[in-house]
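Here is a friendly tour of the chain shown below, with its domains, helices and loops taken in turn. Have the viewer open as you read along.

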Amino acid sequence: MSEHSRPLSRSEEKRQRILETAMDLFCSQGFANTSMDAIAREADVSKQTIYSHFGSKDDLFVAAIRTKCLQANLSEDLFNEQESVGQQLQRFARLFTELVLSDDAIRVFRTCISSADQLPHLGQLFFNEGPMNVIALLTLYLQRVTDRGELAIANPHGAAVQLLMMLMGEGHLRRKLGLPYDTQSAAHHEYLRSSVELFLRGYRA
């Protein structure tokens, strides 16, 4: 049995339950209004158990964001060097938009926005652990393919940001405003395909 498919230990199961409960409460009640006592009560664990896994409420928030990214398979394992750059970026585009347009991601984004005046550090925590990690992941990949001569990118970080912003497109704006957007539609998939192709044409070696 692989590591990814093995049953969770009791400790891992509690940790996962704490993360899910905390994120639900952060998004429904607000970060400032969510106490560790409330998280412990809803997750059916002791507060001591929470602190044994996470040193603070900030650490718990960061861990929840990191877990969402890993669950979306946005890690270095995403890129398969046996495939073409286009194939790899198309897969990245699909996984990235599935994450950022998901209900959970939109709820977290709104939580950070609503807390911006009272808790400006919350947005920084989210930006560092979510968007910045994805930007860094894509930047490293673009640097590798540039070093191999497959693309000609003078500023991989800037190019990564360009591609990510293009992929978010109309869908992210609509989702932030509570408007419907179908990530499974043919129109969405065509938008991703054409965005990646446009990006590659602009940076072709």
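Buried area is the accessible area, taken with a 1.4 Å probe, that two parts lose on being put together, summed over both. With that in hand, please note that you are looking at a predicted model. Its secondary structure amounts to 10 helices and 0 strands, and 41% of the 205 residues count as buried.

**Overall layout**

- Along the principal axes, the C-alpha atoms of the chain fill a box of roughly 55 × 40 × 30 Å.
- Among contacts between residues at least 6 apart in sequence, 69% join residues at least 24 apart.

- Domain 1 brings 11 residues to the contact, and domain 2 brings 12 residues.
- About 1,000 Å² is buried between domain 1 and domain 2, with carbon and sulfur atoms giving 75% of that area.
- Which three residues supply more than any others of the area that domain 1 buries against domain 2? They are C27, F61 and I65, which together supply 45% of that area.
- The rule finds 1 salt bridge across the interface of domain 1 and domain 2.
- R107 and D24 form a salt bridge, with their closest N and O atoms 3.5 Å apart.

**Annotated regions**

- An unreviewed UniProt entry annotates residues 12-72 as "domain: HTH tetR-type". Over this stretch the chain is 79% helix and 0% strand, and the C-alpha atoms at its ends are 19 Å apart.
- UniProt, again in an unreviewed entry, places the feature "DNA-binding region" at residues 35-54. Here the chain is 75% helix and 0% strand, and 14 Å separates the end C-alpha atoms.

**Helix α8 and its surroundings**

- Helix α8 covers residues 131-147, 17 residues in total, and reaches 24 Å from its first C-alpha to its last, close to the 24 Å expected at 1.5 Å a residue.
- Its buried residues are V134, I135, L137, L138, T139, Y141, L142, V145 and T146.
- What do the buried residues of α8 pack against? Their partners are α5 (85-100), α9 (156-176) and α10 (186-203).
- After α8 comes G149, with a positive phi near 85°.

**Loop residues to look at**

- Most residues other than glycine have a negative phi.
- D44 is not a glycine, yet its phi is positive, about 60°. You will find D44 in the loop between α2 (36-43) and α3 (47-53). Is D44 buried or exposed? D44 has a relative accessible area of 65%, over the 50% cut-off, so it counts as exposed.
- N73 also has a positive phi, about 65°, without being a glycine. N73 sits in the loop between α4 (57-71) and α5. Because its relative accessibility is 46%, between the 20% and 50% cut-offs, N73 counts as partly exposed.
- S115 belongs to the loop between α6 (103-114) and α7 (120-129). With a relative accessible area of 7%, which is under 20%, S115 is buried. Apart from neighbours within four places in sequence, S115 is in contact with P120 and L122.

Conventions:
Residues are numbered from 1 along each chain as its sequence is written. This is a predicted model: local features need pLDDT of at least 70, side-chain atom pairs count only at pLDDT 80 or more; totals for chains, interfaces and linings use all residues. Side-chain values use heavy atoms; hydrogens and water are left out. UniProt positions are given in the numbering used here, feature names are shortened, and annotations may be inferred rather than shown by experiment. Helices (H or I, at least four residues) and strands (E, at least two) are DSSP runs, numbered from the N terminus. The expected span of a helix is 1.5 Å times one less than its number of residues. Buried means under 20% relative accessible area, exposed over 50%, partly exposed in between (1.4 Å probe, protein chains only). Contact means heavy atoms within 4.5 Å. A salt bridge is a side-chain nitrogen of Lys or Arg within 4 Å of a carboxyl oxygen of Asp or Glu.
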